[in-house]
Structure formats: structure tokens, C-alpha cells
Amino acid sequence: MSDATEKWSDNQVALVDLIDRVIGGGVVITGDVVLGVAGVDLVYLGLRLVLAPAHEVEQSIALGRRSA
Amino acid sequence: MLLYAVVPADATAPEARGLAGQRLEMIRGMLAAVIVEECAERLSATGEDARSFAEIICDLATTTSMLPIRFPTMLPTRSAVLAELQANEAAWRRRLTELDGLSEVVIRVQWAEPDHESGPASNSSGTTYLLSRAAVIHRRESSVAEISELVRAWAREIKVLHSQQGVRIACLVANTDVPQLRDAVTSWQQARSDRQVAVSGPWPVFSFVVDQEVVST
């Protein structure tokens, strides 16, 4: 194993991959979501909303521009 | 209601509790069902919540085939969940059947020398910048092609995931084939000292819930 390999713990990689897939993959259903911090509701998003990682939003915007 | 996963209509109701500490419930349609948890209309959706959600999904996946639902997805009422279910259950049921007995494995490749792209703001010329960009893209594409070929015998579908460094590839693999795929990737890495490779999973099929999004091998 190289030095670089030792920087990666298998558990860390697995956890990062799993959480990335939980918020970036899966069935997308539109819904109503309240975002809050420390028990205080900040914004009620009554829109038909999909939460996604920023990079996926950027890709969607780029695709939309191309198809427009 | 917080939504967890789509499962077959005849799946056994889970015994587990969800993020909010409530018992998980099934809302059943004719062809599919959705696992949900009653919870307040407030969601902090922290990283810790995402991790707990992932653990619950992984536990559920040991008992039934499923399509995980992206975290965090909430619908206000039981009837709203039922409406979504009725609108989509035919497609979901079809995909559940296709994915039965399959899992997702993620292969991550990173080079000992990281991707270095000279930014336009650096002192390098435009030509140097473009050549550096082209080299990074070429290295990533070569690696994707190499991995795709390597896993062809086991991966039913693959999907290239976003990655800031190196490449990440999700593979849809039969549960029984996961050890062989891992062994093949390990052997492949041992012959390449210039890069490190990590395999994670098997996970529920997060990246393959919709067949149009994937690239077939």
C-alpha cells in the first residue's frame, strides 16, 4: 500500500460514500420541507422542492441551458 | 411525514423506529408501498441525521428489496404520500423487480499525484491551462474506461458519480457477486502503485433507482 493509500481509512471512505449517496441518490419525490437549525424553523418551503447536492443542481442548470 | 423507501406492496412492515423515534409505518398501494415516519414538520437535516437515515435504510435493505428515497424528503400528510405512490407505483414496482437481489458498490480511484489544474488566475499561459485541463480529463476518462472493463463481468449497470479528485464509479452488482468484484478491484490496484483504490458497499441501490439515469455496461 502506498502512503497515499494509508491516508484513507476504509471506514471513512465508506461513510463518505454512503452519506453522499443518501443525499445525492435515491428516489426523488417532490415535497414540502421546513428547514430549521437548533429547533427553530427558518424557512418553510411550500414549493414543490427537491433537495440535492450543489453539484447536481449546477449540472441540472447547465443541462437546462443547453436544451434551451 | 419523513419518507424512507419504496418497497413491494407485500413487504413485511418494519419493526424499527425512525429518526424522530417514531415507529416506521407502511403506506401501501396496489403494487408498491412507502415506508414513512410520522414526524413534526420541521427537519434540521444535519449530517448526523443523514448518517442515521443511512443506517436505517441499510438495515431495512437486509429484509426487503427497496428503492431508497432521497434524504430528506417529507410530505405533509398520509394522503399526499398515497397520491405520490399511486402516481408512480407502476414504474417503481417495475424497477423493484429489476433490482431484486442487487446492490450498489462504489469504486473510488485517486492518484498518488492529485488532479492539479492550473487555474486561469495562475501565472501559467492559457495554453498551459488548457493542456493541464485536458490531461486531467484524459486521465479520468481512461480510468473510467479501465474500471468499466474490469467490472464488466459483474456490473449490470454503472454510473459515474461526481468527484472533485479522481473518479468514483457506482456499480450495480448481484449480492452474490460482490466478493468477486472486490477481489478483482484489489488485484487490479496491486499492479498500479500510482493510484489508490477503495471499494465501499454493498449499499442499497441509491444510484440506480431510475433506469434512465444510468449508463448500461
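Author: Leaving out residues up to four places away in sequence, B:Val6 touches A:Val27, B:Ala32, B:Val34, B:Met66, B:Leu67, B:Ile69, B:Trp92 and B:Leu96, where contact means C-beta atoms, placed from the backbone, within 7 Å. This is a predicted model, in which local features need pLDDT of at least 70, side-chain atom pairs count only at pLDDT 80 or more, and totals for chains, interfaces and linings use all residues. Residues are numbered from 1 along each chain as its sequence is written, while chains are lettered from A and ligands numbered from 1 in the order in which they are written.

B:Val6 is also among the residues with the most contacts inside the largest nonpolar core, which has 62 residues; B:Leu3, B:Tyr4, B:Ala5, B:Ile107 and B:Cys171 are others. Such a core is a set of buried Ala, Val, Leu, Ile, Met, Phe, Trp, Tyr and Cys residues joined through C-beta atoms within 7 Å, and buried means 20 or more other C-beta atoms within 10 Å of a residue's own. The core lies between domain 1 (2-99) and domain 2 (102-216) of chain B, because both give residues to it; the bounds come from an automatic or database domain assignment.

Strand β8 (residues 195-203) of chain B is mostly covered, with 7 of its 9 residues buried.

Note on methods. Buried ≥ 20, exposed ≤ 12 C-beta atoms within 10 Å, placed from the backbone. Helix = DSSP H or I, 4+ residues; strand = E, 2+ residues; numbered from the N terminus. Contact = placed C-beta atoms within 7 Å.
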